[in-house]
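Here's a quick tour of a protein chain and two of its residues. Have a look at the sequence and the structure first, then read on.

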Amino acid sequence: MTGFTTFNFGVISGGGSVRAVVGPAPVGPAPLIIPVNYLVVGGGGGAGSGRCNCIVAWNSGGGGAGGFITGIVNLSKGSTYTIKVGNGGVGGVGTFNGGASGGNTSISGPNISTITGYGGQGNTPNATPNGAPGGTSGAGSFAGGQWQGGGGAGGAGTQASGPRNCSPTAPVVLGPGGIGVTSTITGTSTYYAGGGGAAGWYWGNNMLPSPGGLGGGGAGGAFGPPATAGGSGTPGTGGGGGAGQSGAAGIQNNGGSGGPGVVILSIPSSTVFSAPGATITTPPATPGQTIVTYNTPTSVSNTYTITF
C-alpha cells in the first residue's frame with residue numbers, strides 16, 4: 001500500500017504470524033524561517049558652526065556619518081520585529097558651537113541579536129582632530145581631519161583628512177568628507193554614510209569649501225563673500241553635516257545637520273508581511289525580492305514594526 005509501512009513480527013503459537021500496517025508518522029509544522037537581507041545606517045552627526053577669525057579660533061569641521069552595517073538575518077513567521085531609524089544630529093548654531101551626534105538605527109525582535117548602526121559623532125569645534133569620526137557598526141571606521149577636517153565615514157568607508165586651516169601651505173580644498181560605502185540591496189549601486197565636508201577658508205587665495213563624502217555627506221560652507229552655512233546630510237543616507245563658515249564679516253553661519261539614517265530590507269516576494277509606515281517596492285533589478293525601506297526625515301527617531 002502506497003504511503004504505508006508493513007511490519008512482520010514473526011511466528012506465534014498456532015503457526016500464524018502478526019502483520020501490522022502503520023500509516024505515516026505525524027509531522028508537526030516546522031517553524032518557517034525567512035532569510036532577509038538588510039542594510040542599516042545610523043543618523044549622521046551635525047557639524048559645528050563657523051567663527052570669523054582663524055587667529056582667535058579655528059573653523060569647525062564636518063560631522064561624522066552614521067554607522068553602516070549590512071548582512072542577512074533569519075526572521076520567523078508569526079513574529080513581530082521593531083525598526084528604529086535614527087535622525088541626524090542638529091548642526092551647531094551661532095558662534096562656534098558644536099553639532100549634536102546622530103541617533104542609532106536598529107532592528108530588534110525575537111530570536112535575533114539586535115542589529116545596530118550607531119549615530120555619527122557631532123563635530124566639536126577646536127577639537128583635535130576637528131573632523132568628527134563616523135559612527136561604528138562592528139568594525140566602524142574612525143576618521144577625521146587634522147584641525148579643520150572633514151567628517152569620518154561610517155562602516156569601512158574612506159577616512160577624511162585635512163590640515164590646520166590657517167596655513168600658507170594648506171591645499172585649495174580643506175578636509176573633504178570621508179567617502180561612504182556602496183550597497184546594491186535596492187538593485188542599484190548606491191553610496192551611504194558619507195562624512196560632512198569642512199568649510200572653506202581664505203589664506204592668500206580663496207580656499208574652496210570641501211565637498212561632503214559620497215554617501216550623502218553635506219558640503220562645507222564657502223568663505224564667500226558671502227559666507228554660507230554648511231549643507232545638511234542627505235536624508236536616508238546617514239551622511240554627516242557640512243561645517244558652517246562665517247567669513248570676514250563675522251556672520252555666524254550654522255553647521256549643517258546630519259542626514260537621517262535608513263533601514264532597507266530585501267524580502268522574498270512570496271513572503272506575506274505587514275510593514276506600516278514603510279515604502280514597499282519591487283524593482284525589476286531585484287527579481288523575486290520585495291524591497292522595504294524605512295526612511296525618517298523628521299526631528300526625532302522613529303519606531304516602526306514589521307510582522308511576518
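Accessible areas here come from the Shrake-Rupley method with a 1.4 Å probe, and for residues only the protein chains shown count as cover. With that in hand, the protein exposes about 12900 Å², and carbon and sulfur atoms supply 58% of it. This is a predicted model, where local features need pLDDT of at least 70, side-chain atom pairs count only at pLDDT 80 or more, and totals for chains, interfaces and linings use all residues. Residues are numbered from 1 along each chain as its sequence is written, and side-chain values use heavy atoms, leaving out hydrogens and water.

**The whole chain**
- The protein has 0 helices and 15 strands (DSSP runs numbered from the N terminus: helices are H or I with at least four residues, strands are E with at least two).
- Of its 308 residues, 50% count as buried (under 20% relative accessible area; exposed is over 50%, partly exposed in between, with a 1.4 Å probe and protein chains only).

**Thr-307**
- Thr-307 sits in strand E15, which covers residues 302–307.
- Thr-307 counts as partly exposed because its relative accessibility is 29%.
- Thr-307 and Ser-79 are 228 residues apart along the chain, yet their C-alpha atoms are separated by 5.8 Å.
- The side chains of Thr-307 and Thr-80 make a polar contact at 2.8 Å (a pair of N or O atoms within 3.5 Å; within protein, one must be able to donate a hydrogen and the other to accept it, and residues adjacent in sequence count only if both atoms are side-chain atoms).

**Asn-253**
- You'll find Asn-253 in the loop between strand E11 (206–207) and strand E12 (262–268).
- Asn-253 counts as buried because its relative accessibility is 14%.
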